[in-house]
Amino acid sequence: MKLKKITLLALALLGCGIASAQENLLDELDQKSTKKEIEIAAFKGVQVVSMQSTKLAAKGEFYFVVSHRFGDLTNGLDNFFGLDNAYTKLGGIYGVTNWFSVGISRQTYNKVFEVTAKYKFADQEIDGFPVTIVGFNSMDINTKLSVDEYPNLKSNNRLAFTTQLPISRKFSNAFSLEINPVFVHKNLYDPATENKDQFLVAAGGRYKLTKRLSLNLEYAARMDAPENEMYHNPLSLGLDIETGGHVFQLLFSNSQAINDVAYFTNATGKWNGGGIYFGFNMYRVF
């Protein structure tokens, strides 16, 4: 009789354990079914054209970056359609995590070294959160400045910064749109043509033409820039080409500078008055 009671008690406990396990499994399945699916590939490149997109390097990925901007196309044979005075940028971007990446580059424009950090606040979700939100910071170090030109030059005079908040939404497989508030600060500037602190509102879009081609457009409006004929709002048109392990971007812009600070605040060209620059961005992923 005692053995029978022990057996019945053991079976009862086993039944409770099985029921509990089934309930936990159902809870897990419910949680998985309610987990939001992330919308991906609003932009294929880490830049829309020249401004930052909401795409980041994935954890452990390394992007080798080559960017080039030829001289003014409208000068024709005088500068061989821009070949005589081009700017080049070489650098790299590393994905520390899936939501944080760092980068460093060197550019021929003002011999600038640019250090960057990019980080994701939120992902666009399918039938959930409507947008992807990313933060971006850059710091420029102008190594071209010399004490011969500026006798009172200090080390911090070489520095300039941007803070950006790209916000994008993928509306369909073919169309994505981004807005990007931009703040630029320069420790050394010319008060006759620019402000020490500048605020811009930028917007960019991507339209997918084929499986491997997309047309991109971006524009940035300087909200508090002084009136002058030297610098203008940057406007750029680009074509993304996906080729295996890298994205190749062909572009036309009224800003020859490649670094973020100068791109947003020192665009010297006008689409309707000369100063159009052809160039490309290439990212090789390792």
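User: What joins strand 11 to strand 12, and through how many residues?

Analyst: A hairpin does, through 4 residues. Before we go on, please keep in mind that this is a predicted model.

User: How do you know that strand 11 and strand 12 pair?

Analyst: Pairing asks for at least two bridges between the strands. Strand 11 (residues 197–208) is joined to strand 12 by 9 bridges, so the pair qualifies, and the two run antiparallel. Within this pairing, A203 stands opposite Y219 of strand 12.

User: What makes strand 12 and strand 13 a pair?

Analyst: The test is again at least two bridges. Strand 12 and strand 13 (residues 235–243) have 7 bridges in the antiparallel sense, so they count as paired. Here L217 stands opposite L237 of strand 13.

User: Which side chains of strand 12 point to the buried face?

Analyst: S214, N216, E218, A220 and R222 point to one face and are buried.

User: Now to strand 15; why is N281 called buried?

Analyst: N281, found in strand 15 (residues 277–285), has 0% relative accessibility. Buried means under 20%, so N281 counts as buried.

User: What makes the link between N281 and R69 a polar contact?

Analyst: The cut-off is within 3.5 Å for a pair of N or O atoms. The side chains of N281 and R69 make their polar contact at 3.1 Å, so the distance falls inside the cut-off. A polar atom of the N281 side chain also lies 2.8 Å from the backbone oxygen of V49. Leaving aside residues up to four places away in sequence, N281 touches several others, including V66, S67 and F248.

User: Why is N266 called buried, although its relative accessible area is 12%?

Analyst: The label asks for under 20%, and N266 is at 12%, so it is buried. N266 lies in the loop between helix 2 (260–265) and strand 15. Its side chain has a polar contact of 3.0 Å with that of K186, and another of 3.3 Å with the side chain of T265. Beyond four places in sequence, N266 touches Y109, K186, E194 and Y231.

User: Why are A41 and N110 called partly exposed?

Analyst: Partly exposed covers the range between the buried limit of 20% and the exposed limit of 50%. A41 is at 29%, so it counts as partly exposed. N110 is at 24%, so it gets that label too. A41 is in the loop between strand 1 (37–38) and strand 2 (62–72), and has a positive phi of about 60° although it is not a glycine. N110 lies in the loop between strand 4 (100–107) and strand 5 (112–122), with a positive phi near 55°.

User: How many cavities of 30 Å³ or more does the structure hold, and what lines the largest cavity?

Analyst: There is 1 cavity of 30 Å³ or more, and about 220 Å³ of space lies in the largest cavity. Its lining has 22 residues, with Q52, K89, I93, T116 and F136 nearest the centre. Strand 4 gives the most, with 5 residues. By class, the lining has 9 nonpolar, 8 polar and 5 charged residues.

Technical notes. Residues numbered from 1 in each chain as written. Predicted model: local features only at pLDDT ≥ 70, side-chain atom pairs only at ≥ 80, totals over all residues. Heavy atoms only, no water. Buried < 20%, exposed > 50% of the residue type's maximum accessible area, 1.4 Å probe, protein only. Polar contact = N/O pair within 3.5 Å; in protein donor to acceptor, adjacent residues only side chain to side chain. Contact = heavy atoms within 4.5 Å. 1 Å grid on protein atoms, 1.4 Å probe; cavity = no way out; pocket = protein on both sides within 12 Å on 5 of 7 lines; lining within 4 Å. Points joined across faces, edges and corners; volume = space filled by probe spheres on them. Nonpolar A, V, L, I, M, F, W, Y, C, P; charged D, E, K, R; others polar.
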